[in-house]
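Here is a short note for someone opening this structure for the first time. Please read the points with the model in view.

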Amino acid sequence: MSEVILSVKNLSKSFGKRKAVDGLSFDIKIGEIFGFLGPNGAGKSTAIRAMLSLIKPDSGDIEIFTKSVRKYHNSALQGVGALVERPDFYEYLSAYKNLSLLATMDNVSKTRIGEVLKIVGLANRREDKVKAFSQGMKQRLGIAQALLSNPKLLILDEPTNGLDPRGMKEVRGLIQKLAQEGITILLSSHLLHEVEQTCTTMAIINLGKLIKIGSVHDLLNESDTFITEIKAKPLKKAWKLLKYSKLISFVEENNGIFKVKIANKDLSKLTHDLIKADIDVSAIIPRTSLEDYFLSLTGDSI
Amino acid sequence: MLIKLIGIEIIKIFGKKRSLLGFLALAILMPLIIWGFSKGATGIEQDIVRQLEGSFIIVGSVFNGFLVTYITMNFLWVHIPFLIMLVAGDVVAGEGAAGTFRITLIRRISRFQILLAKLIATYFYTIILITFFAIMSLGLGSLWLGIGDLVVFDEGILILPQEMAWVRFALAFVFATFVMLVVTTLCFMFSSMVNNGIGPIIGAMSIIIIGLAIANIPIDIFEKISPYIFTSYFDIWQKAFFDPVPWRDIGNDAIILTIYMLVFIIISTVQFIRKDIST
């Protein structure tokens, strides 16, 4: 069994009468890219703030490297890098100066600043003041500051927020690259496809409570039905086959693309049927698998 | 690490434009005041001479850089705290509002250390600002208007010889700096409670105005509570010009002000350590 790097134990936190986190418990093991998934307001950021000692939990505890964050703040947070929500910096200072101040706090050498700026692709903008940075650049600078202390555990709260599709792709690539280098990552997101594309394990929370936890692969296989897009020609022939197929519970066609609802296990059989019927299949794409799964767990309809 | 943290906080303070406002204001105001005195001080000088001529023979002018500094210290003493509060009010609350605590408080440094570094850095700013005030008033005033004996008006008239005036001004600025450190601590305390830079300034300024009113308005009830209010001891710097210097009184005032400072620091610390960073 892999070693646990972060353990959340029965964590609860209320703001006034509103319970933001309610008895949350889970473990993250070394080497995982752990997706922390939930809709906006589910309690993800509150839980992350508690992990990093930014807020005091009402009850429960968090252990990082087996040390209680409550009792041993400094030693527990050694080896942890984090980006919590928006990346806010001292806007009147340059990117380098900002990181320099934080590097001093982390007790790391100034050469590390150049390294992390290079990793996030901001080396050529190091002397620019942060106020001149775009949201995407700030986000990357946020990741850079999290990497300063060579963390073993990286906690990223909505790291692709405010990024354009290209920026999102770059950040996801960066996360996977960091994971390959052996960093354990907790990635909080409300974007289902982001977790699906990036993470190995995930926990789904809603209204402050843990709903489901497991490997992304296993949780998806639990799901019965997928919405799948199929590109096939000739349209008429394909439509007829799909409409009358017993494997499919729902089908619609839009701009030459069929959207069908089909069980995961039946997907290969349907492909076989299409080919056997001499229908030219150019693409079969599972589109919203995790979304369906997530919505079914949180009690919403597709 | 604390020294490094203080250095970081000083960089942050002096990196902000608002921190330079105090210096800019004094750099504009003081030459203007001194120029104004140099051009239109005949009336003031005549008043002083009129009061002195029954008891003294006046040779030369009593109007000089020392007198201008003394007068300026008296009437700017409500304005200088405002300049200090612009920084002291923002130093903790500003970070809360800007969200930068999310990148500093997640590091391996205790909140107490961070708060202490902020407080010391703010003290440093206050000391530098008062030193600048001293240079712009006493330094510039002496160069512009010259020096001589200092005529001090309090319960009577005291004439301090030129050589002694330097020492008394040095003492007065040390005491004045101490009073301003109390103002700094009060505003810092409010700053640790909220997440906006304006609230602490309004809070601290209100307390000082109310306190000064209680300390100076001669009403029985105010006079009874006045000894328990820290603003009653804000005139400690004026005692540097008494003859002889009332060291015992100054010591007592300093102890009371120190107790208040410690109370403000304790409240700030408890507040900041328990604070949830939700911005």
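1. The expected span of a helix is 1.5 Å times one less than its number of residues. Keep that rule in mind for helix α5 of chain A, residues 135-147. This helix has 13 residues and reaches 19 Å from its first C-alpha to its last.

2. The model is predicted. Chain A has 302 residues, and 41% of them are buried. Its secondary structure comes to 11 helices and 14 strands. Along the principal axes, its C-alpha atoms fill a box of roughly 70 × 45 × 40 Å. Take the contacts in chain A between residues at least 6 apart in sequence: 68% join residues at least 24 apart.

3. How many residues of α5(A) are buried? The count is 10 of the 13, so the helix is largely enclosed by the rest of the structure. Among them are A:Met137, A:Arg140, A:Leu141 and A:Ile143. The cover includes β6, α3, α4, β7 and α6 of chain A. It also includes α7 (101-104) of chain B.

4. Now turn to chain B. The axes of α9 (residues 162-191) and α12 (residues 247-274) of chain B come within 9 Å and cross at roughly 20 degrees. That makes α9(B) roughly parallel to α12(B). Their crossing is left-handed.

5. Which residues meet there? From α9(B) they include B:Phe178, B:Leu181 and B:Phe188. From α12(B) they include B:Leu257, B:Tyr260 and B:Phe264. The residues of this contact divide into 13 nonpolar, two polar and no charged.

Terms used:
Residues are numbered from 1 along each chain as its sequence is written. Chains are lettered from A and ligands numbered from 1 in the order in which they are written. This is a predicted model: local features need pLDDT of at least 70, side-chain atom pairs count only at pLDDT 80 or more; totals for chains, interfaces and linings use all residues. Axes are lines fitted to C-alpha atoms, for helices over the stretch in contact, and angles run from 0 to 180 degrees between N-to-C directions. Helices (H or I, at least four residues) and strands (E, at least two) are DSSP runs, numbered from the N terminus. Angles under 35 degrees count as roughly parallel, over 145 as roughly antiparallel, 65 to 115 as roughly perpendicular and the rest as oblique. A crossing is left-handed if the near helix is turned anticlockwise from the far one by less than a right angle, and right-handed if clockwise. Two residues are in contact if their C-beta atoms, placed from the backbone, lie within 7 Å. Ala, Val, Leu, Ile, Met, Phe, Trp, Tyr, Cys and Pro count as nonpolar, Asp, Glu, Lys and Arg as charged, and the others, Gly among them, as polar. A residue is buried if 20 or more other C-beta atoms lie within 10 Å of its own, exposed if 12 or fewer, and partly exposed in between; C-beta atoms are placed from the backbone.
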